[in-house]
Amino acid sequence: MDGNFTDDTAGAGGPNDRDRRRFLRTTGLAALSATVAVPFARFLPEGMAPIGMAHAAGADMDAYQFKDGLTLLNDRPINAETPAHLLDDKVTPANRLFIRNNGRVPEHALAMDASGWTLTVDGEVDQALDLTLDQLESDFEVITRQLTLECGGNGRAFFVPGASGNQWTTGAVGCPEWTGVRLRDVLNAAGVRDTAVYTGHFGTDPHLSGDPEKLPISRGIPIAKALEEDALIAWAMNGEPLPAIHGFPLRLVVPGYPGSASQKWLTRIRVRDQVHDGPKMGGYSYRLPAYPVAPGTEVPESDMVVMETMPVKSLITSPATRAQVDGLTLDIRGHAWADGDVAAVHVSHDFGQTWAEANLEAPANRYAWQHFSATVDLPQAGYYEIWSRATDTQGRTQPVTTPGWNPRGYGNNMVHRIAVLAG
Ligand SMILES: Nc1nc2c(c(=O)[nH]1)N[C@H]1C(S)=C(S)[C@@H](COP(=O)(O)O)O[C@H]1N2
Ligand SMILES: [Mo]
């Protein structure tokens with residue numbers, strides 16, 4: 001609730017309450033627990049929910065237990081975000097990384113069982129590949145990179161009128177260190193044909209319906225993006241095997257793009273001769289109107305286009321919002337990220353009337369978030385909002401209000417705001 005201090009759009013009674021009620025009617029138990037943000041489904045006696053359903057939530061919740069201080073938005077599928085002040089680490093620890101699942105956590109991951117795992121690369125390639133985890137590690141250069149991962153819907157809660165979907169405030173972002181091989185190297189080993197247009201990514205997570213024929217999500221990226229050097233096929237996070245819930249044993253990490261491009265539990269990359277058409281590539285999923293629309297507009301599906309790069313953004317991670325601080329000197333810390341590098345971060349203590357430039361560190365590597373710090377001298381004791389605003393190397397900066405309303409509430413990069421009481 002700390003992204004927009006008035007909380008109107010994030011809290012009960014706000015415009016999104018209507019959407020929550022609608023969800024409640026349509027998806028039942030999972031939505032109910034989302035509404036009250038309590039993971040209670042696993043504690044229900046059997047019989048109070050379909051057994052498979054209660055069990056599913058319980059098993060997935062077991063894989064969630066190591067998380068520290070996250071806000072659970074939904075437990076079937078599990079979706080949880082991190083309060084800004086718990087993202088203060090320069091490298092996001094696994095227990096503080098948000099979770100965005102569209103389906104269930106697969107059984108093999110729950111058991112941390114990677115036996116027989118292979119990655120298939122096929123489609124518009126000269127030579128289809130079937131690579132074991134050992135082959136991936138021995139046949140390609142292994143690299144470790146700190147890469148920012150952010151859900152395309154981060155900030156959705158602040159759109160007015162509200163958009164359906166997880167009501168992410170500011171915490172569907174993190175920047176762990178990933179170890180793996182370059183997606184580019186693996187694609188080049190298969191030999192990408194001239195006909196290649198897009199990738200299509202496939203994982204093993206079961207669909208919520210239990211129907212084995214259905215995939216919860218299968219997204220892809222333009223082939224040019226896939227052939228840049230930054231995207232990784234990763235098996236480790238912060239030096240440890242991927243946690244079950246984050247894609248064990250293998251996932252993509254595609255920085256600069258919506259998190260949905262970073263397929264977890266990855267088994268197959270199919271190079272396509274057209275824009276990939278897997279589940280959640282079409283309709284309103286991860287798509288934006290092709291032209292600016294007035295808030296609340298019903299945009300025809302045919303006018304929606306795939307969302308690609310993520311916009312420049314910043315997050316104040318210290319102090320925590322609603323902090324009471326002694327004295328009038330305030331030390332501020334946070335991170336900023338963009339599709340590429342961030343050029344500057346500014347902070348304001350007077351609702352954007354004046355801005356001061358923060359100290360900004362260079363990224364650990366391309367697409368790692370950058371740390372900023374600033375000392376703000378407040379004029380007198382009282383209530384303040386501290387705002388942060390990042391600007392990328394192309395001069396694009398964060399708006400002070402929600403940008404570009406769209407039906408599903410993607411791409412909200414408004415300035416981050418926290419409140420403090422000083423003196
Ligand atoms: N197989 C699979 N991959 C997935 C998803 C999913 O539901 N299934 N969710 C995607 C979305 S929308 C996001 S934002 C990121 C979240 O990654 P995380 O849960 O590890 O933080 O994973 C992406 N990869
Ligand atoms: Mo996402």
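**View 1. The largest cavity and its lining.** Nineteen residues, 19 in figures, line the largest cavity, and Arg100, Gly259, Ser260, Ser262 and Lys264 are the ones nearest its centre. Here a cavity is a set of points, on a 1 Å grid over the protein atoms alone, where a 1.4 Å probe fits but cannot get out, and lining residues have an atom within 4 Å of a point. This is a predicted model, where local features need pLDDT of at least 70 and side-chain atom pairs count only at pLDDT 80 or more, while totals for chains, interfaces and linings use all residues. Residues are numbered from 1 along each chain as its sequence is written, chains are lettered from A and ligands numbered from 1 in written order, and side-chain values use heavy atoms, with hydrogens and water left out. The lining splits into 8 nonpolar, 7 polar and 4 charged residues; Ala, Val, Leu, Ile, Met, Phe, Trp, Tyr, Cys and Pro count as nonpolar, Asp, Glu, Lys and Arg as charged, and the others, Gly among them, as polar. The largest cavity holds about 260 Å³ of space, taken as the space filled by probe spheres set on the grid points, which are joined across faces, edges and corners. Searching the whole structure turns up 4 cavities of 30 Å³ or more.

**View 2. Ligand 1 in its cavity.** Ligand 1 sits in the largest cavity, meaning that more than half of its atoms lie within 2 Å of the cavity's grid points. Around ligand 1 are 18 residues, with Asn102, Asp205, His246, Arg251 and Lys264 the closest; to be counted, a residue needs a heavy atom within 4 Å. That shell comprises 7 nonpolar, 7 polar and 4 charged residues.

View 3. A backbone N or O atom of Phe98 is 2.7 Å from a ligand 1 oxygen, and one of Ser262 is 2.9 Å from a ligand 1 nitrogen. Gln263 brings a polar side-chain atom to 3.1 Å from a nitrogen of ligand 1. On its own ligand 1 exposes 540 Å², and the protein buries 100% of that (Shrake-Rupley, 1.4 Å probe).

View 4. Most peptide bonds are trans, but the one from Val160 to Pro161 is cis, with omega near -5°. Phe248 and Pro249 are also joined by a cis bond, omega about 5°. Asn238, not a glycine, has a positive phi of about 50°.

How values were computed:
A polar contact is a pair of N or O atoms within 3.5 Å; within protein, one must be able to donate a hydrogen and the other to accept it, and residues adjacent in sequence count only if both atoms are side-chain atoms. On a 1 Å grid over the protein atoms alone, a cavity is a set of points where a 1.4 Å probe fits but cannot get out, and a pocket is an open set with protein on both sides within 12 Å along at least five of seven lines; lining residues have an atom within 4 Å of a point.
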